[in-house]
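Welcome! Here is a short briefing on aromatic rings and the partners they keep. Have a look at the model first, then read on.

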Amino acid sequence: MKNKVSIVLPICILLLLPIIFPDTYPFSPFNIGSQGISYFYNNFENITSSNVTILILMENINNVTPYLIYLLEGNTIIITGNYSNVNNFLHKLNADVIIAPIVLTNNLDYYMNNKIIIVNESNYTLIFPYAHPIIGGIPLVEVDNNSIIAYYHYGSGKIIIISTPYFFLNSYYKLFNNSEYLHEITGTNKIRIVIYTQVSPLSEFKEFLQSLKSLHL
């Protein structure tokens, strides 16, 4: 009976926390509001070991060596984030590709904001808020001859660059086909998700409870 309580109680707390204490931090996987990325985070199975890693850089990484080794072993990193943080990461890897600082605009206003770009790519309609042009690499998605998703061969591995982290926000992720397209380029539902951003104490507690839940189930 005691063991049952120790298992059920953390799960109940985990389920109630988002309702009682909603996470409002931008780019938090536990923020279910418009500025969170809970839709994306819950759309994949986040595992600790995968040949595909999605890396969201809203802050800088000091040590890129583990990622360099990961790429040289033939794995794939899909990277997005603040353009200067992404460029810093790519520079440390000596990769000949950067994200330009300018924001692309569209002639068609969307929600009265011409910095939100809609692109038809193959069978997908993709939305890119505040996209930047990518210089270098091989274009995967372009708008007006500007690459906004590109890939770059790095040793036997591959880096896929998405030029705007807003691609992942709840506001836009399921609005059109961003989710379906991301599943296509990952090629798997089991990926490693690494997010460098401001983390709330609530998020840390939720992660702790989730780890307890996974241990018991």
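Which residue lies over the face of Y151? That residue is K158, at 5.4 Å from the ring centre. Do keep in mind that this is a predicted model.

- F40 belongs to helix α2 (residues 38-43), while F168 is in the loop between β10 (157-162) and α5 (170-173), so the contact ties together parts that are 128 residues apart in sequence.
- F40 and F168 are both buried.

**The pair Y124 and Y181**
- Y124 and Y181 are also edge-to-face, with 5.6 Å from centre to centre and 80° between the planes.
- Strand β6 (residues 124-129) holds Y124 and helix α6 (residues 178-186) holds Y181, so parts that are 57 residues apart in sequence are tied together here.
- Y124 has a relative accessible area of 16%, and because buried means under 20%, Y124 counts as buried.
- Y181 is buried too, with a relative accessible area of 5%.

**A cluster of rings**
- F40 and F168 turn up again in a cluster linked by ring pairs, together with F44, F128, F167 and Y173.

**Charges over rings**
- K174 places its charged end over the ring of Y39, 5.3 Å from the ring centre.
- The lysine from the opening question, K158, lies over the face of Y151.

Key:
Residues numbered from 1 in each chain as written. Predicted model: local features only at pLDDT ≥ 70, side-chain atom pairs only at ≥ 80, totals over all residues. Heavy atoms only, no water. Helix = DSSP H or I, 4+ residues; strand = E, 2+ residues; numbered from the N terminus. Buried < 20%, exposed > 50% of the residue type's maximum accessible area, 1.4 Å probe, protein only. Phe/Tyr/Trp six-rings, centres within 6.5 Å; stacked < 30°, edge-to-face > 60°. Lys NZ or Arg CZ within 6 Å of the ring centre and 35° of its normal.
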